[in-house]
Amino acid sequence: MENKKDSKAIPYNGERTAAGITAFGMDLASKADIDPEIIELYKQSFYTEECSGPVICVINFLPNIYDSNAEERKKYLDTIMKSAKANRKQPFKWFWLSAGDQLDLERTLNLGFGFPAVVAISPSKKMIATMKGGFDSKGLNAWLGDLLIGKGGLEDLKGEFKVKKVDKWDGKDAPVLEEESYDYDDDDVKDDL
């Protein structure tokens, strides 16, 4: 047999550890400018499958589509993507969900201060941190950098992170809510007076 070589293959001469190989792969992904995955968290299985082991799960609670619109949501997702790209060499997994769809979870995480809101969870250490600053890529990157060095308001994660199943966002503005109209009979109104 002939020994064929792929002209695009890059020899790996780094550490023979999971961390070393992962770092090498992340560096290649960065150079190739491959977009990191940002998962819409609309059912528990996504969190369970993707947020385990030695990772930090960055979960973005975006304003409900009824309080926003598709264009604004896409801007928020662009902000998340910018931060995901800037931090692609870090052990972050990226998620987003719609505020109001997970009220029990929002209460458990004390997210009553408005949206967008961001939390970071270390499943292996059972720790959580809530971002206190403004939602932009510069602020998000600074906060994530602080988390990596042990700052950023780390607390113990109390209980399980539970996501109830909701409909996936269709990429559109919210449907128009129709108001109920009441047809009052003039005689009924007179009787009440």
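Predicted model: local features only at pLDDT ≥ 70, side-chain atom pairs only at ≥ 80, totals over all residues.
Residues are numbered from 1 along each chain as its sequence is written, and side-chain values rest on heavy atoms, with hydrogens and water left out.

The protein chain contains 6 helices and 6 strands; these are DSSP runs numbered from the N terminus, with H or I of at least four residues for helices and E of at least two for strands. Read from the N terminus, the elements follow the order α-β-α-β-α-β-α-β-β-α-β-α. Of its 193 residues, 34% count as buried, where buried means under 20% relative accessible area, exposed over 50%, and partly exposed in between (1.4 Å probe, protein chains only). The chain exposes about 13,200 Å², and carbon and sulfur atoms supply 49% of that area; accessible areas come from the Shrake-Rupley method with a 1.4 Å probe, and for residues only the protein chains shown count as cover. Among contacts (heavy atoms within 4.5 Å) between residues at least 6 apart in sequence, 74% join residues at least 24 apart.

Two strands pair if DSSP finds at least two bridges between them. Strand β4 (117-122) runs antiparallel to β5 (residues 127-130), and 4 bridges join the two. Within this pairing, Ile-121 has Ile-128 of β5 as its bridge partner. The β4 and β5 hairpin has 4 residues between the strands, and Lys-126 there takes a positive phi near 55°. Strand β5 is also joined to β6 (residues 155-156), again in antiparallel fashion, by 2 bridges. Here Ile-128 stands opposite Glu-155.

The interior comes next. In soluble globular proteins, nonpolar side chains tend to be buried together. A nonpolar core is a set of buried Ala, Val, Leu, Ile, Met, Phe, Trp, Tyr and Cys residues joined through side-chain atoms within 4.5 Å. The largest such core has 22 residues, and those touching the most other members are Leu-62, Ile-80, Trp-94, Val-118, Leu-140, Trp-143 and Leu-144. At least two residues of this core come from each of β2 (56-62), α3, β3, β4 and α5 (137-148), with α3 giving the largest share, 5 residues. Leaving aside neighbours within four places in sequence, Ile-80 is in contact with Ile-38, Asn-60, Leu-62, Trp-94, Trp-96 and Phe-135. Apart from this core lies another, of 20 residues, including Cys-57, Ile-59, Leu-97 and Val-119.

Charged side chains complete the picture. The structure holds 4 salt bridges, each being a side-chain nitrogen of Lys or Arg within 4 Å of a carboxyl oxygen of Asp or Glu. One of them joins Glu-50 and Lys-93 at 3.1 Å, N to O. Glu-50 belongs to helix α2 (residues 44-50) and Lys-93 to strand β3 (residues 92-98), so this pair ties together parts that are 43 residues apart in sequence. Glu-50 is partly exposed at 24% relative accessibility, and Lys-93 is partly exposed at 29%. In helix α3 (residues 70-86), Glu-71 and Lys-75 lie 4 residues apart, about one turn of the helix. Their closest N and O atoms are 3.7 Å apart in a salt bridge, and both residues are exposed. Asp-104 and Arg-107 form a further salt bridge at 3.4 Å, N to O. These two exposed residues are 3 residues apart in helix α4 (residues 103-108), separated by about one helical turn.
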